[in-house]
Amino acid sequence: MSEAPALGDPALIWQSLYVTAKDGLKLHVSHIGDRAGTKLPVICLPGLSRNVDDFDMVGRAIAATGDRWVVALDSRGRGGSEYDPNWKNYDLQVELDDLLTVIVALGLDQAIFLGTSRGGLLTALMGIVRPSAIRGAILNDVGPIIEARGLARIRGYVGKLPTPKTFPEAVETFKRVFGGHFTAIDDAAWLRYAHRSWKEEGGRLVPRYDPNLMRPLADLDLEKPMPDLTPQFDTLKIAPMMVIRGELSDLLSRKTAEDMVARHPDAVLHEVPAQGHAPLLEDAPTIEAITAFIARCRPA
């Protein structure tokens with residue numbers, strides 16, 4: 001895989017701001033680029049246990065095209081956002097309410113949404129509650145049919161990985177757990193992934209998410225078929241759509257991805273070689289495909 005750590009202007013620096021959710025929880029927002037830009041802003045939404053740093057390279061590349069603001073949200077319990085004392089609030093409806101609060105607070109009437117996994121589910125829900133806000137949707141390895149084996153694998157490791165003592169040890173842990181799903185990334189990429197997943201606190205490494213995130217999924221019966229979310233994802237027909245799939249993904253099948261594109265009046269499919277769930281959005285071809293897609297999205 002072609003890694004692209006230099007993509008985007010290194011002089012562009014991510015900055016932080018905070019928005020208060022309806023229940024008083026503090027939500028962290030990272031942003032980069034021209035806040036006063038005339039082009040459509042881009043809202044980046046991470047996966048289940050992920051955070052805004054997953055969008056570092058692609059966000060800088062998007063911002064470097066000029067005249068565009070890129071915003072990334074840490075959902076509650078992730079990254080720089082506060083952890084919720086009530087784990088039952090790690091729920092898509094609550095997180096959707098948080099997203100709406102952030103959008104209003106930042107004055108984002110229309111935007112292009114880039115959602116990885118759970119962030120893609122939030123994007124589809126936005127298509128139901130605030131369709132006028134969506135002027136483009138980029139879905140990173142998620143669709144209306146979620147493969148149970150992929151969900152089972154995620155449930156098996158979130159909050160359950162052994163705590164590494166050092167970042168090199170974290171890299172070795174990740175290689176052991178995820179090496180079969182990311183077969184061509186180099187050591188620098190593994191190290192970046194480790195730093196996006198763990199942080200130093202009190203002289204030790206701790207996850208950059210609340211381990212209670214998995215509790216809402218604990219009782220999910222994976223022996224039963226996953227619900228078909230086609231009606232929810234069909235709401236995204238209102239704007240251009242890009243589906244990104246990892247070639248080795250066990251959460252989004254190729255058939256589901258192809259069906260998504262076939263049903264949509266203006267959609268493209270981009271598959272990332274040698275990567276599983278979810279593609280890291282760091283390779284040059286994927287970043288170039290994303291920036292090209294964004295360039296053709298237009299305000300209403």
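## The second largest cavity

Pro46, Gly47, Arg50, Ser75, Arg78 and Arg118 form the lining of the second largest cavity. A cavity here is a set of points, on a 1 Å grid over the protein atoms alone, where a 1.4 Å probe fits but cannot get out, and lining residues have an atom within 4 Å of a point. This one holds about 40 Å³ of space, the volume being what probe spheres set on the points fill. Sort the lining by class and you get 1 nonpolar, 2 polar and 3 charged residues, with Pro counted as nonpolar, Arg as charged and Gly as polar.

This is a predicted model, so local features need pLDDT of at least 70 and side-chain atom pairs pLDDT 80 or more, while totals for chains, interfaces and linings use all residues. Numbering runs from 1 along each chain as its sequence is written, and side-chain values use heavy atoms, without hydrogens or water.

## The largest cavity

Searching the whole structure turns up 2 cavities of 30 Å³ or more. The largest has a volume of about 60 Å³, and its lining is made up of Phe233, Asp234, Lys237, Met241, Met260, Arg263 and His264. Helix 7 (230-234) and helix 8 (254-263) are the elements giving two or more residues to that lining; helices are DSSP runs of H or I, at least four residues, and strands are runs of E, at least two, numbered from the N terminus. By class, this lining has 3 nonpolar, 1 polar and 3 charged residues.

## Around asparagine 89

Asparagine 89 sits in the loop between strand 4 (69-73) and helix 2 (92-106). Skip its neighbours within four places in sequence, and its contacts (heavy atoms within 4.5 Å) are Asp23, Arg76, Asp84 and Val94.

Key. 1 Å grid on protein atoms, 1.4 Å probe; cavity = no way out; pocket = protein on both sides within 12 Å on 5 of 7 lines; lining within 4 Å.
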